Amino acid sequence: METSTGTPRKRHVLIVDDDISLAWSFKQMLEHRGCDATIVPDGGLALKFVLHHQLDAVVCDLQTTRLEGDLLYAAVERSNPFLARRFVFITSLDAQAPFQKFIDSMALPALRKPVELEALMGEVMCVMERR
């Protein structure tokens, strides 16, 4: 991963969450670890962002406005299957919620809120290593 000038490009993580204070905590942690991070508060804007930017991972709340996390994932899976393998889902929903079937069907990490920052960082680093 290099830029046009030959210097290594920072890994770029998209954070999709309408809880801005939580998203800001994630952003600070990722930047502290040498990544670039962008916060987008809703799924509709996130899809537009994904279509126009090179990303290395997506941290996505399952309950976002305009386009929920499972639908965002489905759209990304069609347009960028490589990036779709690099999602980390977060949710405050209990295990009986409608999204549970989706979570169970994915071979992707899903963390329950409140999310421990180190656990999230570990999952993000892990998915970024996927080919």
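R66 is an exposed residue, with a relative accessible area of 59%. It's a handy place to start on this structure, which is a predicted model. R66 sits in the loop between strand 3 and helix 3, and R66 has a positive phi of about 65° even though it is not a glycine. From there, here's a quick tour of the helix pairs, the cores and a few individual residues.

**Helix 2 and helix 3**

- Helix 2 covers residues 43-52 and helix 3 covers residues 69-79; they pack at an angle of about 15°, with their axes 10 Å apart.
- That angle is why helix 2 counts as roughly parallel to helix 3.
- As for handedness, the crossing of helix 2 and helix 3 is right-handed.
- On the helix 2 side, the meeting residues are G43, A46, L47, V50 and L51, while helix 3 brings L72, A75, V76 and S79.
- Sorted by class, the residues of this contact between helix 2 and helix 3 come out as 7 nonpolar, 2 polar and no charged.

- The buried residues of helix 3 are G69, D70, L72, Y73, A75 and V76.

**The nonpolar cores**

- The largest nonpolar core has 23 residues, and L14, L72, F87 and F89 are the ones that touch the most other members.
- Strand 1 (12-16), helix 2, strand 3 (57-61), helix 3, helix 4 (81-84), strand 4 (87-91) and helix 5 (99-105) each put at least two residues into this core.
- Apart from that core lies another, of 20 residues, with F26, C35, L111 and L120 among them.

**Helix 1 and helix 6**

- Helix 1 (residues 20-32) and helix 6 pack at an angle of about 60°, and their axes are 11 Å apart.
- Helix 1 and helix 6 are therefore oblique to each other.
- The crossing of helix 1 and helix 6 is right-handed.
- Helix 1 makes the contact with S25, F26, M29 and L30, and helix 6 answers with L117, L120, M121 and V124.
- The class tally for the contact of helix 1 with helix 6 is 7 nonpolar, 1 polar and no charged residues.

**Two buried residues to look up**

- T91 is found in strand 4, and T91 is buried, with a relative accessible area of 2%.
- Setting aside neighbours within four places in sequence, T91 is in contact with D61, L62, I103, L111, R112 and K113.
- F99 is found in helix 5, and F99 is buried too, with a relative accessible area of 9%.
- Again leaving out neighbours within four places in sequence, F99 is in contact with L62, Q63, E68, D70 and L93.
- F99 and G69 are 30 residues apart along the chain, and their C-alpha atoms are separated by 9.3 Å.

**A cis peptide bond**

- K113 and P114 are joined by a cis peptide bond, with omega at about 0°.
- You'll find P114 in the loop between strand 5 (110-112) and helix 6 (117-128).

Note on methods
Residues are numbered from 1 along each chain as its sequence is written. This is a predicted model: local features need pLDDT of at least 70, side-chain atom pairs count only at pLDDT 80 or more; totals for chains, interfaces and linings use all residues. Side-chain values use heavy atoms; hydrogens and water are left out. Axes are lines fitted to C-alpha atoms, for helices over the stretch in contact, and angles run from 0 to 180 degrees between N-to-C directions. Helices (H or I, at least four residues) and strands (E, at least two) are DSSP runs, numbered from the N terminus. Angles under 35 degrees count as roughly parallel, over 145 as roughly antiparallel, 65 to 115 as roughly perpendicular and the rest as oblique. A crossing is left-handed if the near helix is turned anticlockwise from the far one by less than a right angle, and right-handed if clockwise. Contact means heavy atoms within 4.5 Å. Ala, Val, Leu, Ile, Met, Phe, Trp, Tyr, Cys and Pro count as nonpolar, Asp, Glu, Lys and Arg as charged, and the others, Gly among them, as polar. A nonpolar core is a set of buried Ala, Val, Leu, Ile, Met, Phe, Trp, Tyr and Cys residues joined through side-chain atoms within 4.5 Å. Buried means under 20% relative accessible area, exposed over 50%, partly exposed in between (1.4 Å probe, protein chains only).
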